[in-house]
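Here's a quick walk through one model, covering a couple of loops, a strand and a few helices. Have the viewer open as you read.

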Amino acid sequence: MNLNAPITPLRSDELAALCKAGGDPLRLNVLRALANDSFGVLELAQIFDIGQSGMSHHLKVLAQAELVATRREGNAIFYRRALPDSQRLGGRLHSALLEEVDDLALPQEVQARIALVQQRRAATSQDFFLRVEEKFRAQQDLIAGLPQYRESLLALLDKLSFAADASALEVGPGDGGFLPDLARRFEQVTAMDNSPTMLELARQVCERHELNNVNLQLADALGATDVQADCVVLNMVLHHFSDPALALRLLAKRVKAGGSLLVTELCSHDQGWARDACGDLWLGFEQDDLARWANAAGLTHGDSLYVGLRNGFQIQVRHFQRAAGDTHIGKF
């Protein structure tokens, strides 16, 4: 951007729109709430306890200033923070505004209502799995089953260098289809799931393939267990967490210093039927969001692979790494 370029009336209007959008306390708090999540209009209206039409007005102002971006999830439109572009007019102001916003503390009542929204999302996902666990494989294959991304995931995994005695942790192994691949590459493998039904399917795979180096644990991977590994794997799991940014932050603590986190997920899509058919809380993720959440969790972005599917979906296979000298992994 040419800093010496004259500010034309049109360019002045753009800057004025940005300043106007940031000149309201409610809109600043909306930007703060969107730091690690995206919400629909109705959810934001509930969080800030105002009418839906009023919230729609504030979101329109933010969108016109390009402070928020939208994506359609089925019939709903969700809002997230837009990333600042320093090469565009107002980009530096946008970046500085978000830095200041991130230092704000949301009112306690707002935080409480955000927690209620997250609880409702989690309850929706849990209810789905209670009803259709036995149909898990068929439902997952509606979108992206393991055979569709296994080769890409293994290509990325085999590019990494692990010691002969390295360990792996798969969070939410589902029916256990990826455990044989991990068992051949790591001395010790832990598979952790909070569903007894899913863990039983994984146990059957371990018995069938005689995987003696796999330890199955019935546990919540976000809870207080001391399991850590050189390689932590999440295959099509993150979209079932009500707060994916928090989930990444907690799961990153399970990665040993110098270790890797591998995340396989759908890219953002608009197929709303996946909510009912597969119990998805999130219809994929923006690539930048995953990178930003991982960075906030203390990880650096490595290689990525993207797999296009005939059914119109795209899979992202992402590698994030913890620094070898990072000993401040944290406690659960």
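## Two glutamates in loops

Start at Glu66, in the loop between helix H4 (52–64) and strand E2 (68–73). Helices here are DSSP runs of H or I with at least four residues and strands are E runs of at least two, numbered from the N terminus. Phi of Glu66 is near 60 degrees, a positive value in a residue other than glycine. Glu66 has a relative accessible area of 40%, so it counts as partly exposed (buried is under 20%, exposed over 50%, partly exposed in between, with a 1.4 Å probe and protein chains only).

Further along, Glu210 sits in the loop between helix H10 (196–209) and strand E6 (214–218). Its phi is also positive, near 55 degrees, and again this isn't a glycine. Glu210 is exposed, because its relative accessible area is 63%.

Some bookkeeping: this is a predicted model, where local features need pLDDT of at least 70 and side-chain atom pairs count only at pLDDT 80 or more, while totals for chains, interfaces and linings use all residues. Residues are numbered from 1 along each chain as its sequence is written, and side-chain values use heavy atoms, with hydrogens and water left out.

How many residues of strand E4 (residues 167–171) are buried? The count is 5 of 5. Ser167, Leu169 and Val171 are buried on one side, and Ala168 and Glu170 on the other, which leaves both faces covered.

E4 pairs in the parallel sense with strand E5 (residues 188–193) over 5 bridges, where pairing takes at least two DSSP bridges between the strands. Ala168 has Val189 of E5 as its bridge partner. E4 also runs parallel to strand E7 (residues 229–235), paired over 4 bridges, and there Glu170 bridges to Val233.

Together with helix H9 (residues 179–185), E4 and E5 form a right-handed β-α-β unit. Right-handed here means that, with the strands pointing away from you, the path from the first strand over the helix to the second runs clockwise.

## Helices

In helix H2 (residues 25–33), the buried residues include Leu26, Val30 and Ala33. At its start, a side-chain oxygen of Asp24 reaches to within 2.9 Å of the backbone nitrogen of Leu26.

Now look at helix H11 (residues 244–252) and helix H13 (residues 287–296): their axes come within 8 Å and cross at roughly 45 degrees. That makes H11 oblique to H13 (under 35 degrees is roughly parallel, over 145 roughly antiparallel, 65 to 115 roughly perpendicular, and the rest oblique).

Key. A polar contact is a pair of N or O atoms within 3.5 Å; within protein, one must be able to donate a hydrogen and the other to accept it, and residues adjacent in sequence count only if both atoms are side-chain atoms. Axes are lines fitted to C-alpha atoms, for helices over the stretch in contact, and angles run from 0 to 180 degrees between N-to-C directions.
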